[in-house]
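Let's take a walk through a protein model, starting with one residue and then stepping back to see the whole chain. Keep the picture open as you read.

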Amino acid sequence: MAEPTLAEPDLALLAAMRRRIWPDLPGRIVFEDDAIVAIDKPAGVPSQASREGAGDDVVARLARHLAARDGLSAPAYLGVHQRLDRATSGLLVYAKRREANRGLAEQFEGRKVQKTYVAAVTGWPASNKRARLEHWLVPGDEGRMEVLSPGRRDRKAVRAVTHVRLLRVGEAGRALLSLELETGRTHQARAQLAAAGAPIAGDRVYGGREPEREAPRLLLHAEALALAHPRTGAPLRLEAALPRAFSRWLAHGARSPLAPFDAEAFDDALAVALQTRFALGRAVEEQLPTTAFRLLHEGGDGAPGLAIDVYGEHLVAHLYDEAALASREAILDRLATLGFAGVYVKVRPKQANVLVDTRTDALAPRT
C-alpha cells in the first residue's frame with residue numbers, strides 16, 4: 001500500500017496558513033521614506049540566508065513584504081550596508097534606491113555612523129560607571145573572534161574600540177550596559193565584554209554555560225543609529241525600543257517561563273523560536289516540501305520541560321515535567337493563538353525507574 005501524501009490542494013492551503021503564521025515582515029519598520037527603510041529586527045532572524053534559496057534572511061523577507069505591500073511584480077530593491085548576528089535584535093537600515101547607496105556606504109565605511117547597543121551582562125563592576133575597551137581581534141575557529149593578549153602580535157589583527165556606560169544594576173551581579181561602537185568589527189562587543197570578564201547573557205560562543213549567565217536568547221540589542229540622511233544630509237536618529245526580555249532578566253535572571261507560568265516570558269521564547277524556524281515553516285512552498293519539524297526544543301529555546309512539534313497544520317505539545325504539566329492549560333491557550341488547526345498533547349514523564357504505558361488517554365489523549 002502506498003504511503004499517504006498531501007494532495008496538491010491541501011498543500012496549497014497549508015502554504016497559505018504557514019504564510020499567516022510566518023509573515024514576511026521580519027519585525028517592525030521604524031522609519032521609511034523614498035530613499036531608505038529601517039527595521040527593528042527580532043532575535044532569530046538571520047542577516048544572511050541560512051542556506052541557498054531559503055529566503056529566511058531579513059533582506060529577502062523585507063523585500064518580499066515591500067513588494068507585496070506596494071504591488072510590485074518582483075521583490076523590492078534593498079541596498080545592504082550593515083548586518084547583525086542572528087541572535088542579536090535591533091536596528092538595520094537599508095537603501096531603497098541605488099542612488100542612496102553612496103551616502104550610506106560613505107558613512108558606514110568611514111565610521112561616521114554612531115551605533116549604540118544595549119547588552120545584559122554578568123560580572124561588570126557596579127563601581128565602573130564608564131569604560132573604554134580597546135583590543136586587537138583576530139579570526140579564530142568556527143567564526144569566533146579572539147582577543148589578542150597584551151604583547152602578542154598578528155598581521156591579521158584588527159583594532160576594536162567600544163565605549164561602555166553602566167545603565168542599570170540588578171541582583172547577583174547582573175547589569176545593563178550601553179555600548180557605543182567606535183569600530184565595527186565582527187562580534188566586537190561580544191568578544192570584548194567576554195575578555196573584560198562580563199560576557200553577554202545567553203552568549204554560548206563567548207560566555208560559556210554558567211547557569212547565572214544563561215538567558216533564553218543572546219541579550220544584545222542594536223538600540224540606536226545616528227547618521228546623516230543619504231539624500232538630504234539632515235541629521236537622523238533611529239531608535240528601536242529595548243525588548244522586555246532585558247528588564248526581566250535583570251530582575252530575575254534566567255528563570256523558566258513555566259515555573260510559575262509567565263505569559264510574557266513564554267510569548268517571548270515562542271516568538272524567538274518562530275523566527276528561528278522561519279525557513280522550515282515556509283518550506284511547504286518548496287519543491288520538496290517540509291511539513292514536520294520541531295518548533296521549540298525545551299531548555300535550548302528557553303522553555304525547559306516543553307517541546308513543540310509541527311505536523312502539517314497541527315502542533316504536538318510534549319509536556320515533560322511538573323512545571324509544564326502545571327502550566328498545561330496556559331501553554332495550550334497561548335499555542336491556540338498562533339493559527340494552527342489544533343494542538344495534540346503528549347504527557348511524557350521522564351522517571352527512568354518507572355515503566356509507563358504512554359498509550360493511556362491521560363498521557364496521549366485521543367483528541
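Start by finding Arg174, which sits in strand S9, a stretch covering residues 174-181. Keep in mind that you're looking at a predicted model. Is Arg174 buried or exposed? Arg174 is buried, and yet it has no salt bridge. A salt bridge would need a side-chain nitrogen of Lys or Arg within 4 Å of a carboxyl oxygen of Asp or Glu. For Arg174, the nearest side chain of opposite charge belongs to Glu171, and that is 6.3 Å away.

So who does Arg174 touch? Leaving out residues up to four places away in sequence, its contacts include Val121, Thr122 and Val169. Also among them is the run Trp249, Leu250, Ala251, His252 and Gly253.

Now zoom out. The protein chain has nine helices and 15 strands. Its radius of gyration is 23 Å, close to the 21 Å that the globule rule gives for 367 residues, so the chain is as compact as a globular protein of that length. Along its principal axes, the C-alpha trace spans about 65 × 55 × 35 Å.

How is the chain packed? Of its 367 residues, 46% count as buried. If you take the contacts with a separation of 6 or more, 60% of them come from residues 24 or more positions apart.

Last stop: surface and charge. The protein chain exposes about 18,600 Å², and carbon and sulfur atoms supply 50% of that. As for charge, there are 51 positive and 46 negative side chains, and the centres of those two sets lie 5 Å apart.

Technical notes
Residues numbered from 1 in each chain as written. Predicted model: local features only at pLDDT ≥ 70, side-chain atom pairs only at ≥ 80, totals over all residues. Heavy atoms only, no water. Helix = DSSP H or I, 4+ residues; strand = E, 2+ residues; numbered from the N terminus. Rg over C-alpha atoms; globule rule 2.2 N^0.38 Å. Buried < 20%, exposed > 50% of the residue type's maximum accessible area, 1.4 Å probe, protein only. Contact = heavy atoms within 4.5 Å. Areas by Shrake-Rupley, 256 points an atom, 1.4 Å probe, with all protein chains shown as cover. Lys, Arg positive; Asp, Glu negative; His and termini not counted. Charge placed at Lys NZ, Arg CZ, Asp CG, Glu CD.
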